[in-house]
Amino acid sequence: MPIWLGSNHPNLIVLLLRSNRYFGSIASHLCHLTYLKVLDLALNQILGSIPICLKNIIGLTQKWTPNSTITHSYNYTISLDSSAISRYDDHAIWIWKGREYEYKSILGLVKSIDLSSNKLIEEIPREIMELNGLISLNLSRNLLTGRIPLDIGLLESLNSLDLSKNHLCGGIPSSISQINSLSFLNLSNNNLSGEIPTGPQLNTFSATSYEMKPNLCGFPLPNKCLGEEMTQNSIENRGSEHASIQEEEDEFITVGFYVSMALGVVVGFRGVFGTLLLNKSCRFSYFKFLDIVKDKIYVTGAVNMNKLRRRLQT
């Protein structure tokens, strides 16, 4: 890569060098482009590690930009004695979430680093997490190793993150759930392991964001984590035990109920009718009482019937 870019053009805002044949490492002179907002070096043969000094690009640390349009001005000669100033709005064709778009009126809002499809090695520098104005970071299709930085959640402006097809290992940092603006995520084809973090934004991604990772578990993958399996088994066991106890209780109540009812009938029958059969005076008093009740019911019914007839006749 040309080393004069950083020294001869310090005011560069957009640098697009994708799909060339650049080789060698990323020149540290690029870190002198402090106003840079779009850096695209994808689809080259760049080697080495990602420079730590990229954190010096102030243009990628600003979350808010006053002007969405990048306007340039230049002088041109009208005659030998006069000149004028002309202005034009910059535009660029940029790859966004795997698709090609042309940006003009909102190019100033785009803050991106795309180093995909190269031969970069070693770990992702923790210093990259200081570029909290980034809305897109694409480091896919490289040879990067190590873990995803634990404080990746500091990139809270990110809308697109692609780290796929590397050799990253370890777990997915839980801080990634703090990136509420994230709408595209691809961590597939790495050596990641452990439980996938959850969060309002992370829960919207499908299994394709994590595919080809047999050591990952949790939503949205079908693989259950060890803790989830133990909890689920515990719940199932408790449910089975409760159902078994309930069945035993139901069986006990059912048998006990019918036995008690049968004993109650026998004891009641014996207590009442046994007394009547064995005690003559009680038997006489009982049947006399039944006669009185019968006569009273008959008389009351007859009187009420006569009253009803009289009302109907009048």
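Reader: Which hand does the disulfide of Cys-217 and Cys-225 have, and why?

Author: A disulfide is a pair of cysteine sulfur atoms within 2.5 Å. The torsion about the S-S bond of Cys-217 and Cys-225 is about 100°, so this disulfide is right-handed. The two sulfur atoms are 2.1 Å apart. The model is predicted: local features need pLDDT of at least 70, side-chain atom pairs count only at pLDDT 80 or more, and totals for chains, interfaces and linings use all residues. Residues are numbered from 1 along each chain as its sequence is written, and side-chain values use heavy atoms, with hydrogens and water left out.

Reader: Are Cys-217 and Cys-225 buried or exposed?

Author: Buried means under 20% relative accessible area, exposed over 50%, and partly exposed in between (1.4 Å probe, protein chains only). Both Cys-217 and Cys-225 are buried.

Reader: How many disulfides does a search of the whole structure find?

Author: The search finds two. Cys-31 is joined to Cys-53, with an S to S distance of 1.9 Å. The torsion about this S-S bond is about 60°, so the disulfide of Cys-31 and Cys-53 is right-handed. When the bonded cysteines of the protein chain are numbered in sequence order, the pairing reads 1-2, 3-4.

Reader: Which parts of the chain does the pair of Cys-31 and Cys-53 tie together?

Author: Helices (H or I, at least four residues) and strands (E, at least two) are DSSP runs, numbered from the N terminus. Cys-31 lies in the loop between strand E2 (23-24) and E3, and Cys-53 in the loop between strand E4 (45-46) and strand E5 (71-77), so the pair ties together parts that are 22 residues apart in sequence. Cys-31 is buried, at a relative accessible area of 4%, whereas Cys-53 is partly exposed, at 22%.

Reader: What is the order of the strands in the open sheet?

Author: Two strands pair if DSSP finds at least two bridges between them. The six strands of this open sheet follow the order E1-E3-E9-E10-E11-E13, with parallel pairing. Strand E1 (14-16) and strand E13 (184-186) are the edge strands, each pairing on one side only. Three bridges join E1 to strand E3 (residues 38-40), and Leu-39 in E3 is the bridge partner of Leu-15.

Reader: Which residues does Leu-185 touch?

Author: Contact means heavy atoms within 4.5 Å. Leu-185 lies in strand E13 and counts as buried, at 4% relative accessibility. Not counting residues up to four places away in sequence, Leu-185 touches Leu-161, Ile-176, Leu-202, Phe-205, Ser-209 and Tyr-210. The C-alpha atoms of Leu-185 and Phe-205 are separated by 7.4 Å, and these residues are 20 residues apart along the chain.
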